[in-house]
Amino acid sequence: MLRATILGIGLWGPGLFGWREGRAVLAGANPFAHAEAKPPAPLLLPANERRRAGPAVRLALGVAEAAVAMARNDHPALDPATLRAVFASSNGEGAVVDDLLKTLADPTEAVGVSPTQFHNSVHNVAAGYWSIAHGGRAPADSLAAHDATFAAGLLKALAETVAEASPVLFCLFDAPLPFPLGACRRTDFAFGMALVLAPQASGAGALGQIAARFDPRDAALDRPHAPALAALVDGNPAAQSLALLEVLARGEHRHLAAPLTTGHLRLEVTP
Amino acid sequence: MTALAITATSLISALGRGKAATLAALHARRGGLVANPFPGIAGGGFIGRAPEVETHRLPAPLAAFTCRNNLLLDLALATDGFTEAVAQAVARHGPARIGVVLGTSTSGIASGEDAYRARDPRSGALPANFDFAHTHDFFSAARFTQAALGLAGPAFVVSTACASSARAFVDAAQLIAAGVIDAAVVGGADTLCRMTLAGFAALGLIASGPCRPSDAARDGLSIGEAAGFALLERGADSPFVLLGYGESSDGHHMSAPHPEALGASAAMRDALRHAGLGADEIDYINLHGTGTVANDASEDRAIAAVFGDRVPCSSTKGFTGHTLGAAGIVEAVIALLALEAGLLPGGLNLTRVDPEFRAHVLSANVERPIARVLSNSFGFGGANCSLIFGCR
């Protein structure tokens, strides 16, 4: 069994602008209203990098920063420069990939692509900018598993928390893809979430506990109770995390399934 | 960490298909780079192209996965007895206790490039037969491999640019250490495609001739393609093991290495710590050694800081080209061949080692028994990974 304590949460999705606002919606205290907004600019990045960062990087850095800031309220020694990180995204910075593919397919663009666009197209672009923002030397991983990205990413982040006996930042995000790539891969809206995971019960400031294991039996994804939130789940691979976020917002004790390509990640969440 | 058994490996690259072909090329100092024949791709330079891909076909039930990257992976599965070794591991552990962690930087994006060239001129839509999820998508590589091997454990792709398939060893080792799985198929693939050829050309990093890592006159890299695998198993008997891993970030720049190489030296020190080894216990270092002016100089500073000038080192990218996300598995298999054959391959196309360098760079092959090899892989985003392999 993989056990971890959640020390910080970051969130950005339609009508869920940050954990403080989003938590009230997820807990049912405030009504859900579908609205989209641009994630805040990643102020930690040097001005040059901030200008170059694409939409997925902005989304990822926003939720990662918010989760770490929350964790630091009760754990000021937690330093983002030395914090291990696992970034997970089905499509990475897909908008930049789409733009490069359009350029490469255009016979009049014989000279080719922008070097900045090229290095911004790698899947680990968010992980890279995250460590640049903090001058960090801690490892920053970058994973993809299509529709299983939430389950695979969280499984890997929990395994790293246990294997390295160290806190790990888990950041899950996907941003909308432009046409025509967007026609092949549904991403209706931007959705990002981040958790700061710590290896054992850490006393003050714990936002919930997770016990997890890989179960080789297939199981359907658990969705949020609230129908309006459940309706979001299919609109973005990262929105598969909504049931977990709802449980954490409500302070419930609940078992959740998140499917992998074969089998599923079995989560037990306790307040 | 507890040493992890490596019970099988396989490789296909510009040096040929299989470990015997790879070792023969290293012994004969016969590189696989040829002048870039692709028309219309800026940069030109030399490339390392894998054999047999054009004529290979996937088995019918997996035909939807057809793209150059998965064809390369399938060739690697059918090489060096790898698929048979996995079947034996399934008998030992069960299919659900074996994970698949593969590294790739661009997966099947070559199929996406073709699809964008075949867009409907009026609507701009991609052709109806373009199967994004099975080809272009990052995860396609792991999904295909898991299906081809009939495995049922967790599977995902790690994509940390040119450190991807080295990092796959780390992710799998952590899953095994945490008790999630007992064994893992690791490795990865990257394919020659317009995106990377044009991208590195735009960065001004493509060498005019075959790349010359560590040479005073080096002028860039040559891109290659490759696929390879390793089977990691807890508690198995095998002559070769993964002794340690180290990882770090530069926290400096997306595509330029840290000038003092603090991230790279941190990754190597972390690998030594995980392995419980001192710097003087490493017998050979396979460098990341891309052949660019900045990478090789930065890496030399890191090696000198951790190892001084005592440990012989070389880059084998003059043989294979820089296989990007596959470089980690290519050089892991070469490191294991070095241990098995007692061969320290000297750098190819290396006529004069950069006089500024302080590390002990090999420009000719050395044959002697060795016990431990460290392999470096560094990627865009400042992602660094060092692996240490050894004899049991």
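## A buried threonine

Thr104(B) is buried, with 31 other C-beta atoms within 10 Å. A residue counts as buried if 20 or more other C-beta atoms lie within 10 Å of its own, as exposed if there are 12 or fewer, and as partly exposed in between, with C-beta atoms placed from the backbone. This is a predicted model, in which local features need pLDDT of at least 70 and side-chain atom pairs count only at pLDDT 80 or more, while totals for chains, interfaces and linings use all residues. Residues are numbered from 1 along each chain as its sequence is written, and chains are lettered from A and ligands numbered from 1 in the order in which they are written.

Thr104(B) is found in the loop between strand E5 (98-103) and helix H4 of chain B. Helices (H or I, at least four residues) and strands (E, at least two) are DSSP runs, numbered from the N terminus. Which residues touch Thr104(B), leaving aside its neighbours within four places in sequence? They are Asn69(B), Phe138(B), Ala141(B), Val157(B), Ser159(B), Ser164(B), Gly188(B), Ala189(B), Asp190(B) and Gly325(B). Two residues are in contact if their C-beta atoms, placed from the backbone, lie within 7 Å. Ala21(B) is 83 residues from Thr104(B) in sequence and 23 Å from it in space, C-alpha to C-alpha.

## Where the two chains meet

The contact between the chains takes 58 residues from chain B and 56 residues from chain A. On the chain B side, at least two residues each come from helix H4 (109-117), helix H5 (140-149), strand E6 (155-158), helix H6 (164-177), helix H7 (194-202), strand E10 (240-249) and helix H8 (262-275). H7(B) gives the most to this side, with six residues. By class, the side of chain B that touches chain A has 31 nonpolar, 18 polar and nine charged residues. Here Ala, Val, Leu, Ile, Met, Phe, Trp, Tyr, Cys and Pro count as nonpolar, Asp, Glu, Lys and Arg as charged, and the others, Gly among them, as polar.

Strand pairing also links the chains: strand E4 (residues 140-144) of chain A and E6(B) pair in the antiparallel sense over two bridges. Two strands pair if DSSP finds at least two bridges between them. In this pairing, Ala144(A) stands opposite Val157(B). Val157(B) is also one of the contacts of Thr104(B).

## Strands of chain B

Strand E1 (residues 4-13) of chain B is mostly covered, with nine of its 10 residues buried. E1(B) pairs in the antiparallel sense with strand E9 (residues 226-233) of chain B over seven bridges. With E10(B), the antiparallel pairing of E1(B) has two bridges. Ala5(B) stands opposite Val241(B) in E10(B), and its bridge partner in E9(B) is Glu233(B). E1(B) also pairs in the antiparallel sense with strand E2 (residues 16-17) of chain B, over two bridges. A hairpin of two residues joins E1(B) to E2(B), and Ile12(B) stands opposite Arg17(B).

Three other strands of chain B form an open sheet with mixed pairing, in the order E3-E4-E8. Strand E3 (33-35) and strand E8 (223-224) of chain B stand at the edges, each with a single partner strand, so one side of each is left without a neighbour in the sheet. E3(B) and strand E4 (residues 46-48) of chain B run antiparallel and are joined by three bridges. Ala35(B) stands opposite Phe46(B) in E4(B).

## Two enclosed helices

H8(B) has 14 residues, of which 11 are buried, so this helix is largely enclosed by the rest of the structure. Its buried residues pack against E10, helix H9 (293-307), strand E16 (372-379) and strand E17 (383-391) of chain B. From its first C-alpha to its last, H8(B) reaches 20 Å, close to the 20 Å expected at 1.5 Å a residue. The expected span is 1.5 Å times one less than the number of residues in the helix. Just after H8(B), Gly276(B) takes a positive phi of about 65 degrees.

Helix H11 (residues 327-341) of chain B should span 21 Å with its 15 residues, and its end C-alpha atoms are 21 Å apart, which agrees. Because 13 of the 15 residues are buried, H11(B) is largely enclosed by the rest of the structure. Gly342(B) follows H11(B) and has a positive phi, near 65 degrees.

## The nonpolar core

How many residues does the largest nonpolar core have? It has 243 residues, and those with the most contacts inside it are Val63(A), Ala67(A), Ala184(B) and Leu232(B). A nonpolar core is a set of buried Ala, Val, Leu, Ile, Met, Phe, Trp, Tyr and Cys residues joined through C-beta atoms within 7 Å. Helix H3 (residues 55-74) of chain A gives the most to this core, with 12 residues. Leaving aside neighbours within four places in sequence, the contacts of Ala184(B) include Val100(B), Ala172(B), Ile176(B) and Leu232(B).
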